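Please open the model in your viewer and keep the sequence panel beside it. The tour below goes from one selection to the next and says what is there.

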Amino acid sequence: MKKKICIVYSLYNENITKKMFERAVKLLKSKGVISIKILKVPGSFEIPQVLSRVINKYDGFIVIGCIIKGKTKNFDLICSAITNGIMDLSIKNKKPIGNGLVTSFNEKQALERLNNGKEAAQAVLDVLKIF
């Protein structure tokens with residue numbers, strides 16, 4: 001596939017996000033995607049900002065991040081802000097953004113969702129075929 005794909009990958013909870021990232025890259029390569037740009041960010045909250053700066057440079061995007069609920073309301077606010085930001089960018093710019101953002105109550109739940117990166121990558125490729 002000759003499409004240019006960008007992966008925005010959060011380093012926070014990297015024991016989880018690294019595995020999700022690796023599965024996404026493996027899927028893309030197996031589908032013949034050769035142009036993959038990787039942008040690492042400190043945490044998931046930075047993902048929409050980075051996407052907004054590079055949205056016109058790539059055909060599709062995959063976001064990889066993991067947010068595990070703590071004891072404060074911050075979890076709900078951060079998850080909503082990131083999800084809304086990603087969706088707004090996708091619709092406004094008419095670009096597929098695969099959401100590989102895991103939001104869970106604990107690490108065990110997050111580890112059960114390691115395929116989210118792979119699934120987000122497949123979703124982007126499927127949408128690009130429609131376009």
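Throughout this tour, a residue is called buried when its relative accessible area is under 20%, exposed when it is over 50%, and partly exposed in between, with a 1.4 Å probe and protein chains only. What you see is a predicted model, in which local features need pLDDT of at least 70 and side-chain atom pairs count only at pLDDT 80 or more, while totals for chains, interfaces and linings use all residues. Residues are numbered from 1 along each chain as its sequence is written, and side-chain values use heavy atoms, with hydrogens and water left out.

**The cores**

Start with Ile5, Ile7, Leu28, Ile62 and Ile64, which touch the most other members of the largest nonpolar core, a group of 22 residues. Such a core is a set of buried Ala, Val, Leu, Ile, Met, Phe, Trp, Tyr and Cys residues joined through side-chain atoms within 4.5 Å. Helices here are DSSP runs of H or I with at least four residues, strands are runs of E with at least two, and both are numbered from the N terminus.

Now select Ile64 and show its contacts, meaning heavy atoms within 4.5 Å. Leaving aside neighbours within four places in sequence, its partners include Ile7, Met20, Phe21, Ile47 and Gly117. Apart from this core lies another, of 19 residues, among them Val41, Val63, Ile86 and Ile97.

**Aromatic pairs**

Rings of Phe, Tyr and Trp (its six-membered ring) pair if their centres lie within 6.5 Å, and planes under 30 degrees apart count as stacked, over 60 as edge-to-face and the rest as tilted. By this rule there are three aromatic pairs. Select Tyr58 and Phe61, whose ring centres are 6.0 Å apart with planes at 80°, so the pair is edge-to-face. Tyr58 is buried at 13% relative accessibility, and Phe61 is buried at 0%.

Go on to Phe75 and Phe105, where the centres are 6.3 Å apart and the planes stand at 35°, so this pair is tilted. Because Phe75 lies in helix α3 and Phe105 in the loop between β4 (97–104) and α4 (107–111), the pair ties together parts that are 30 residues apart in sequence.

Select Ser44, in the loop between β2 (35–41) and α2 (47–54), which counts as buried at 6% relative accessibility. Not counting residues up to four places away in sequence, Ser44 touches Ser10, Gly65, Cys66, Ile67, Ile82 and Leu101.

Most residues other than glycine have a negative phi. Asn13, in the loop between β1 and α1, has a positive phi of about 60° although it is not a glycine. Finish at Lys94, in the loop between α3 and β4, where phi is also positive, at about 55°, and again the residue is not a glycine. Lys94 counts as exposed, at 67% relative accessibility.
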